[in-house]
Structures are given as C-alpha cells and as structure tokens.
Amino acid sequence: MGIAEKIAAKIINNHNMLIETSLCSRFRTPQSDCSLCADACPANAITVADGGAEITEGCLDCGVCHSACPNGAFSIRDGSDEGIMAEGAFSHRSPLRISCERGDASADLIVPCLSRLTEALLLEPLRRGASGVEIVRPSCEGCPLVKAAFHFDTVIRRTHHLCDMLGIERNSIDIKNIPLQGSVKAPEKAVSRREFLEAFRTKATRIAAAAIPDVEDSGDDKAEVFRNAVQERRENRKRSRLVGRIRELSAKSGVNPIAVPSKDAITADIEIGPGCTACGVCASLCPTGAITRQWTEKTFSLSFSPALCTNCRICEKTCMHGAVKMNETVSLSLLLEHKKTVLFETAKKTCIACCMDFIGEGAEICPLCLDRNKKQTAVLQKLFK
Amino acid sequence: MPEAGAFITEEMIQASIAKKGPKQYTIWVDLEYCVGCNACTMACKAENNTPVGVDYNRVTEVEVGEFKDPAEKPGVRVYFVPMPCMHCGKPACMAACPVGAITKRKEDGIVLINKDKCIGCRYCAWACPYGHPQFNAEAKVMEKCTLCVHRVEKGLKPACVDTCIARTRFFGEVNDLTKLIREKRAERVSLGFIGGKTTTDPSVLYTK
C-alpha cells in the first residue's frame with residue numbers, strides 16, 4: 001500500500017473505537033470461540049476471525065463493544081470511562097440518573113446505549129457517595145440498537161453480584177422502565193459547507209501527520225511476529241478500573257463472601273490437575289497475564305492472579321492434557337486478592353534423551369520422549385504385521 | 001533393482017504441478033532396497049541446516065521373522081524404515097496446535113509449521129501418531145519435515161529423494177506414485193500406508 005492510500009485509509013477508517021488486538025482471545029488462539037463483541041455490536045460492524053476482532057464499516061462509535069469485551073481489547077478515544085468519570089456529573093447528584101439517547105433528556109449522564117455502561121461506571125457514583133444510581137430504561141423494542149439489549153442485563157446482573165459482595169443493597173442500582181422516546185441527543189448544529197471542509201481539512205492534516213512515521217516504519221521490519229505479540233502483555237485497563245473501584249468500596253464497607261456460578265462470573269477459580277506437563281500453554285496464551293509460569297533451579301510452578309482473570313477460559317480450552325479445571329462456582333472476593341496464588345508447584349528434572357526440562361515422577365526420560373518411542377514402535381509393528 | 005530414477009521423471013513432476021485440484025505430493029519408499037545408509041538423513045540435515053538433535057528424516061530398524069530351525073533357511077531380516085513427516089490428509093498436529101501455526105497447503109498437500117506463530121509448546125509432537133515434530137531448542141520452535149518445499153516449488157525433488165544411493169525413494173503426486181507402484185511392482189510387493197488406514201490419513205507410501 002502506498003503512502004497516499006495508507007493516509008486515505010486512515011482518514012476513512014478513523015473510528016472512535018480502537019482495538020488492542022493482543023488482548024483479543026480470538027487473536028491468541030483459534031480454539032477460542034469468543035464472539036461477545038460481535039454478538040453485542042448493534043450495527044453488526046465487528047467481524048471476528050482467527051486473526052482477532054476487526055471493526056468494519058458501519059461502526060456507530062456507541063462503545064458497546066468496550067463494555068462487552070472482558071479482556072478490555074476495545075478502547076474509546078472520546079468518551080472513555082475515565083472521561084465520563086472525570087466530567088464531574090457524578091459528584092453532585094444523588095441518586096445519579098443515567099439514560100440512553102432514547103430516554104430522558106434530563107438525566108445526569110446520557111450514553112448512546114445502556115449497554116455501553118460497565119460495572120466500573122455503575123459503581124463509581126456509589127464510591128463517590130451517591131445514595132444510588134437510577135437507570136432510565138426505555139423499552140428496547142423498536143430501537144435500532146436493540147441487538148445490544150441483552151448485554152445491559154448481563155452488566156446489571158454482574159453489578160448486582162458485586163453489590164452483594166460489597167454489602168450494597170441491590171436496589172441502589174435501580175432500573176426505571178419507560179416507553180421508547182425519540183432521540184434526546186442535543187440536535188446537531190447546521191454546518192456550513194465552508195465549516196465542514198475546514199473541519200475535514202484540519203482532521204485530515206492531523207491524521208496524515210500521525211500516519212507518516214507509521215508508513216516509514218513498515219518498510220523496515222516485518223509485521224510483528226505473532227510469538228512476540230502474545231508474549232507482550234498489555235494492561236487490561238477496563239479491569240484495572242473495576243478492581244480499583246471494588247477495592248475502595250470494600251475498604252469502606254467490608255466484604256461478604258459471595259459465590260456465583262462460573263458462567264456468570266467475571267473471574268475464575270482455577271485448579272491444575274495431575275495431567276500438567278509444564279508445557280506453559282495456559283501461561284503463554286492467557287490474554288491478561290493472569291496465569292504465569294516460573295522455572296527455578298529446582299522447581300516448576302504456575303501462579304494465578306484472580307484479579308486479572310476475565311474468565312475467558314482460554315487456559316481450559318487450550319490445555320491438551322485437560323489439566324486446567326474451572327470450579328463451578330467462583331467466590332467474587334478473589335478479585336480483591338493482591339497476591340498471586342501458586343496453583344501448582346513441583347520438582348523439575350532434565351531429560352537425558354532430549355536435554356529439556358520436564359516434570360514427572362520416576363523416570364529420567366521425559367514423558368514426551370517415552371511417548372514418541374512407544375508410538376514409533378507401535379507404528380512399525382503394525383506395518384510389518 | 002529398479003533403474004536409477006526411472007519411475008518419476010521431471011516431466012511427470014512438472015505435469016503434476018500444472019494439474020489443478022487438491023494434490024498430495026509425497027514420498028514412496030521401497031523398503032526392499034533400503035540399505036539403511038542414512039544418506040537421506042544426512043542430505044536432509046545439510047539441505048535444511050537442522051541443529052543437533054533435530055532430524056526431519058530418521059531411519060529406524062525393524063527386525064522381522066524368527067530363527068526357528070537351524071536346518072532350514074533362517075527367515076529373519078532387518079528392514080530399514082526411513083520416517084519423514086507423513087504429510088497426513090487429516091494432520092493430528094494441525095488439529096492440536098493451540099495457535100493455528102500448522103497448515104496443510106492445498107496446492108501440494110504439504111504440512112508446514114509457521115515459525116513466526118509457533119510458541120514451542122510441543123502439542124504437535126504429543127498429537128502426531130508418528131512422533132515426528134521436534135523441538136528446536138535454539139529457536140524455541142517446533143520443526144518438522146517440509147518435504148523440501150523450497151525445492152519442490154522450483155520443480156526439484158526433495159534432497160532425500162535425490163540423494164538416495166539405492167534409488168529406493170521416489171517423489172511425486174500420490175496418485176501417480178500409486179499407479180507406478182501397481183505397474184512396476186504389482187507382482188512382488190504389497191502396498192501399504194504406514195500404520196494402515198489410521199484416522200490421520202498419512203500419505204507416505206511404503207512397499208516391501
């Protein structure tokens with residue numbers, strides 16, 4: 001692609017939504033069947049494939065994908081959670097009223113769609129001392145964004161779980177159903193042709209300037225090697241924000257032990273069974289770095305940080321030996337643990353055949369070398385039978 | 001002994017490459033004539049520059065028969081079985097790879113590991129019924145026989161086939177090779193896929 005086309009593509013595809021691909025489960029392994037962003041996207045503007053999620057034409061910049069992705073792969077340039085929290089609407093009113101663009105124009109916070117709300121956004125007013133949050137929910141039937149409606153219920157359910165844990169009454173986050181209204185978004189000012197072109201020119205110049213170093217770089221080195229991309233751990237900002245809010249709230253009100261079913265939980269309770277062969281796939285492919293592996297001089301161990309885990313289940317799906325087990329219920333207070341827990345620790349040995357480190361009982365030869373020998377013998381015997 | 005290089009000609013390879021549709025290039029090893037000299041192993045090492053401990057082609061020995069009666073002719077012999085990658089129709093390694101680094105090429109049926117994707121987890125070695133993929137400790141990736149894809153793309157035969165001193169390895173499209181075996185050896189040899197009809201559908205042919 002030439003420089004001119006690159007710049008043109010950047011201008012045309014200048015979405016407000018950005019994707020950090022290395023956090024996307026689908027990018028990390030084709031064995032992931034995650035399609036939460038595409039399922040929730042009201043404009044069907046996200047495609048998920050083995051290379052990860054991609055925003056295509058038709059994006060409305062509504063931000064529902066940001067809320068839907070547990071790994072925080074989507075970020076929003078204008079109107080991020082931090083931006084909304086910093087706006088100050090949160091500090092004054094009590095209870096705080098939130099509405100979507102088809103609801104109540106007098107609300108303190110108006111989001112494009114209620115599915116845009118995240119757990120952190122709903123807990124933030126409570127952290128700041130508001131008596132509650134009142135969500136004005138117009139009927140989603142008939143709204144062009146109706147496809148995203150189910151995700152709002154998920155967010156509310158998860159937030160209620162967190163409220164239970166933090167000893168906050170569930171009705172502090174209250175939903176008021178109203179019929180669907182017309183768009184309450186402030187009417188956009190009519191723009192003259194001159195103003196439009198001027199704005200376009202400014203924007204285009206900025207983007208073009210930003211795009212040029214990119215183009216120069218791409219000539220020198222090859223596309224980022226996948227292996228390096230998976231090893232690089234990007235911070236899941238969405239999770240950091242939520243954990244920060246929960247920790248502050250728990251310091252005020254204490255913690256109730258709450259167990260929720262695993263499929264509804266935002267973290268997981270992992271156990272490593274006896275099948276582990278120290279291959280490290282769970283640690284390599286974990287998008288958020290919740291599982292880490294360590295080789296010391298004498299031991300092999302796997303550690304786990306529940307606060308980082310997003311319950312994406314990549315570890316469970318990719319473990320060939322079925323050693324990763326997810327418990328049926330998860331105690332949400334795991335989110336508050338600062339320390340890593342050691343999941344698995346065992347003595348290491350070095351194989352005399354392949355000179356690689358391995359774990360296992362007895363033998364001096366690693367299970368893989370033994371298995372290889374056994375398989376080859378079996379194949380040859382069959383051939384000459 | 002078959003005549004040197006008489007079975008597969010350059011024209012046949014070229015014709016095979018020009019043909020459209022799903023193809024499977026593979027190797028036929030006539031075990032009757034393999035003397036276990038390991039020239040294929042060495043040619044492969046030189047061609048692919050593999051480190052110590054990684055061999056895309058290993059020659060294994062199998063003792064067959066039993067020496068029963070000293071008065072009779074002993075019915076014992078050793079077969080040498082070179083084992084490259086079987087370039088299976090349904091590769092178990094490809095299914096097991098957690099990052100999708102292994103692909104089977106449509107144009108020639110060659111199974112390849114993408115070294116930029118491979119994370120060196122060794123799942124393919126666990127999954128392969130022939131234990132073929134090996135770990136390259138220097139590069140921290142898995143490696144396997146590529147059927148000398150860089151040579152095949154130029155219309156050449158794999159290094160192991162070119163170098164075979166007993167002229168007992170042949171390279172070509174699997175259907176052409178099968179036809180050849182039937183024409184030339186039908187009376188003397190049995191035709192066998194290694195491991196028989198297994199779930200992975202291996203392509204390398206052996207005759208004895």
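Helices here are DSSP runs of H or I with at least four residues, strands are runs of E with at least two, and both are numbered from the N terminus. On that count, chain A has 14 helices and 17 strands. This is a predicted model, so local features need pLDDT of at least 70 and side-chain atom pairs count only at pLDDT 80 or more, while totals for chains, interfaces and linings use all residues. Residues are numbered from 1 along each chain as its sequence is written, with chains lettered from A and ligands numbered from 1 in the order in which they are written.

**Chain A overall**
- Of the 385 residues in chain A, 37% are buried (20 or more other C-beta atoms within 10 Å of the residue's own; exposed is 12 or fewer, partly exposed is in between, and C-beta atoms are placed from the backbone).
- Take the contacts in chain A with a separation of 6 or more: 74% of them link residues 24 or more positions apart (a contact puts two C-beta atoms, placed from the backbone, within 7 Å).

**Where A touches B**
- On the chain A side, 27 residues are in contact with 29 residues of chain B.
- Helices H10 (226-231), H12 (281-285) and H14 (367-383) of chain A are the elements that give two or more residues to this side.
- H14(A) has the largest share of it, with nine residues.
- By class, the chain A side splits into 15 nonpolar, six polar and six charged residues (nonpolar covers Ala, Val, Leu, Ile, Met, Phe, Trp, Tyr, Cys and Pro; charged covers Asp, Glu, Lys and Arg; the others, Gly among them, are polar).

**H7 against H11 in chain A**
- Helix H7 (residues 119-127) packs on helix H11 (residues 237-253) at about 30 degrees, with the axes 9 Å apart (axes are lines fitted to C-alpha atoms over the stretch in contact, and angles run from 0 to 180 degrees between N-to-C directions).
- H7(A) and H11(A) are therefore roughly parallel (angles under 35 degrees).
- From H7(A), A:Glu119, A:Ala120, A:Leu123, A:Glu124, A:Leu126 and A:Arg127 meet A:Arg241, A:Leu242, A:Arg245, A:Glu248 and A:Leu249 of H11(A).
- That contact has five nonpolar, no polar and six charged residues.

**A close look at A:Arg116**
- A:Arg116 sits in the loop between strand S6 (109-111) and H7 of chain A.
- A:Arg116 counts as buried because it has 26 C-beta neighbours inside 10 Å.
- Leaving out residues up to four places away in sequence, A:Arg116 touches A:Cys62, A:Gly63, A:Val64, A:Ser67 and A:Val111.
- From A:Arg116 to A:Gly51, 65 residues apart along the chain, the C-alpha separation is 25 Å.

Notes. Angles under 35 degrees count as roughly parallel, over 145 as roughly antiparallel, 65 to 115 as roughly perpendicular and the rest as oblique.
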